[in-house]
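Morning, everyone. Please have the sequence and the model open.

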Amino acid sequence: MGIIVGICGGSGAGKTTLVGELIRCLGPDRVSSVAFDAYYRDLSHITMQERMQVNYDHPDSLDHELFVEHLHDLRNGRTVEIPKYDFATHTRTGEVIVVEPKEIVILDGILLLNFGEISKLLDLAVFIDIPEAVRLERRTQRDVRERGRDADDVHRQFWETVAPMHDSFVQPSAEHADRVVTLEEKLEDVASELAVEITALQRHPG
């Protein structure tokens, strides 16, 4: 039975960075990581025009049923095959990413704590609470640099769907977190503290 840790927070909060720091602290041989972003629903059954109208920041856009199934598998020592998602076409490619069960499984996702079925599987839930202006700036820099997007388009999407969904679903889920991380905290220090807590959970589960 492995330990499952969830890292939640809005877009641009620093989830990926914290996961990386945690893996560094704990050791990659001890950790498997899974991103909830890989579990967007396959929309190959509808037209591209229809896909463009979908709100991908709403919880309904995520296949949380498959995600929960995979979490049970990993916790019980079974390997999982995570669907590879193509964000350009909003479909699954048919390829998979194989994730082996390890003693610690770290999850990250904007909406992780929004789903009760996921929250109750977490041994430790962390929410990174970062001001909106900082998250927008980080998201813009990332999307322009890594995804070739126009800054104005990133801002439009942020105000049309990202920010409203954050206020409706993401921010309220912070109440389910065991630990809330703020902007003033250094993520490498947070990771060191969490690594100690995770190791203690392994020694004294429950």
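Start with helix α7: its buried residues are L187, V190, A191, L194, A195 and I198. Buried means under 20% relative accessible area, exposed over 50%, and partly exposed in between, with a 1.4 Å probe and protein chains only. Look down the axis of α7: those buried residues fall within an arc of 140 degrees, so they line one face of the helix. The arc is that of the directions from the helix axis to the C-beta atoms. On the other side of α7, V196 and R203 are exposed.

A word on the source. This is a predicted model, where local features need pLDDT of at least 70, side-chain atom pairs count only at pLDDT 80 or more, and totals for chains, interfaces and linings use all residues. Residues are numbered from 1 along each chain as its sequence is written, and side-chain values use heavy atoms, leaving out hydrogens and water.

What covers the buried residues of α7? The cover includes β1 (3-9), α1 (15-26), β5 (104-109), β6 (124-129) and β7 (179-182). Contact here means heavy atoms within 4.5 Å. Helices (H or I, at least four residues) and strands (E, at least two) are DSSP runs, numbered from the N terminus.

Now the lining of the largest pocket. By class, it has 13 nonpolar, 12 polar and 17 charged residues. Asp, Glu, Lys and Arg count as charged; Ala, Val, Leu, Ile, Met, Phe, Trp, Tyr, Cys and Pro as nonpolar; the others, Gly among them, as polar. Which element gives the largest share of that lining? Helix α5, with seven residues.
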